[in-house]
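Notebook open, structure on screen. I want to go through one stretch of this chain and jot down what I look up.

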Amino acid sequence: QKLPLSPAWRAFCEETLQDTWFSTEGAPNLTLTQRGSRPGDPLADLLFAVLLSDLDQELHCSLQAAGCIDAQPRLDFQTSSLDGQEPLPSIIWADDMAIPQSFCSPSELYFRLPDLCRIVFEVFASYGMQLSSGSGKTEIILRFVGSHDKAWSHRLFDIDQGFVTFP
């Protein structure tokens, strides 16, 4: 519902997601699903990519509006430093997504992390997606760099035991 599609494209997409089924080798019956695309349907990958692209734009707007990020991180491709002019984009592959962020100091990262996580979970939920945070699932990779980086890393990983609590 969130994607800006014409009525014809919306109807086409809805049709591809209705009355879907699959069979399993050795099972005598078909399995009818309540939602989702037909197994092997190449349109499913395209729809998912379009959806994630839209989600990514909304996510960055939401993070900026909440003050979690001042602007999208920028990369200087010649020096690989984070002070360039090129936006550092999210990296999306199949159903995996990396959302690079940089902050001016380790303390800023530490204190903004709960809101950043909350917003990411909320935006995904607004698209009908529930991020799972079990073992081997959704992960956050942090690297504290700057003044007192070891102390902030110790605070998060030793004192807080690597857990980020957010409302």
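Before anything else, I need a cut-off: buried means under 20% relative accessible area, exposed means over 50%, and partly exposed is what lies in between. I also remind myself that this is a predicted model.

**Entry 1: Tyr110.** Is Tyr110 buried or exposed? I looked up its relative accessible area and found 13%, so Tyr110 counts as buried. I checked Phe111 next, and at 51% relative accessibility Phe111 is exposed.

**Entry 2: ring pairs.** How many aromatic pairs does the structure hold? My search gave three. In one of them, the ring centres of Tyr110 and Phe111 are 5.2 Å apart with the planes at 90 degrees, so I noted this pair as edge-to-face. I then looked at Tyr110 and Trp152: their ring centres are 5.1 Å apart and the planes sit at 45 degrees, so that pair goes down as tilted. This pair links distant parts of the chain, since Tyr110 belongs to helix 3 (residues 106–126) and Trp152 to helix 4 (residues 149–159), 42 residues apart. Both Tyr110 and Trp152 are buried. Putting the pairs together, I get a cluster of Tyr110, Phe111 and Trp152.

**Entry 3: helix 3 itself.** I wanted to know whether the length fits. With 21 residues at 1.5 Å a residue, helix 3 should span 30 Å, and I find its end C-alpha atoms 30 Å apart, which agrees. Where does helix 3 bend? I put the bend at Arg112, about 45 degrees, and I see a proline, Pro114, following within four residues. Past the helix I came to Gly128, which has a positive phi, near 80 degrees.

**Entry 4: what is tucked away.** I listed the buried residues of helix 3; among them are Pro106, Leu109, Leu113, Leu116, Cys117, Ile119, Val120, Val123 and Phe124. What covers the buried residues of helix 3? My list includes helix 2 (42–65), strand 6 (96–98) and helix 4.

**Entry 5: salt bridges.** I searched the whole structure and came away with three salt bridges. A reminder to myself: side chains of opposite charge can pair when their charged atoms come close.

I started with Glu108 and Arg112, whose side chains meet in a salt bridge at 3.0 Å, N to O. Those two are four residues apart in helix 3, so about one helical turn separates Glu108 from Arg112. I had to recall the general point here: an α-helix has 3.6 residues a turn, so residues three or four places apart point the same way. Glu108 has a relative accessible area of 17%, so I wrote it down as buried.

**Entry 6: the Arg118 bridges.** Which residues are linked with Arg118 in a network of salt bridges? I found Asp115 and Glu122. For Asp115 and Arg118, the closest N and O atoms are 3.5 Å apart. They sit three residues apart in helix 3, again about one helical turn. For Glu122 and Arg118, I read 3.2 Å between the closest N and O atoms, and these two are four residues apart in helix 3.

How values were computed:
Residues numbered from 1 in each chain as written. Predicted model: local features only at pLDDT ≥ 70, side-chain atom pairs only at ≥ 80, totals over all residues. Heavy atoms only, no water. Phe/Tyr/Trp six-rings, centres within 6.5 Å; stacked < 30°, edge-to-face > 60°. Buried < 20%, exposed > 50% of the residue type's maximum accessible area, 1.4 Å probe, protein only. Expected span 1.5 Å × (residues − 1). Bend = angle between axes of the 7 residues up to and from the residue. Contact = heavy atoms within 4.5 Å. Salt bridge = Lys/Arg side-chain N within 4 Å of Asp/Glu carboxyl O.
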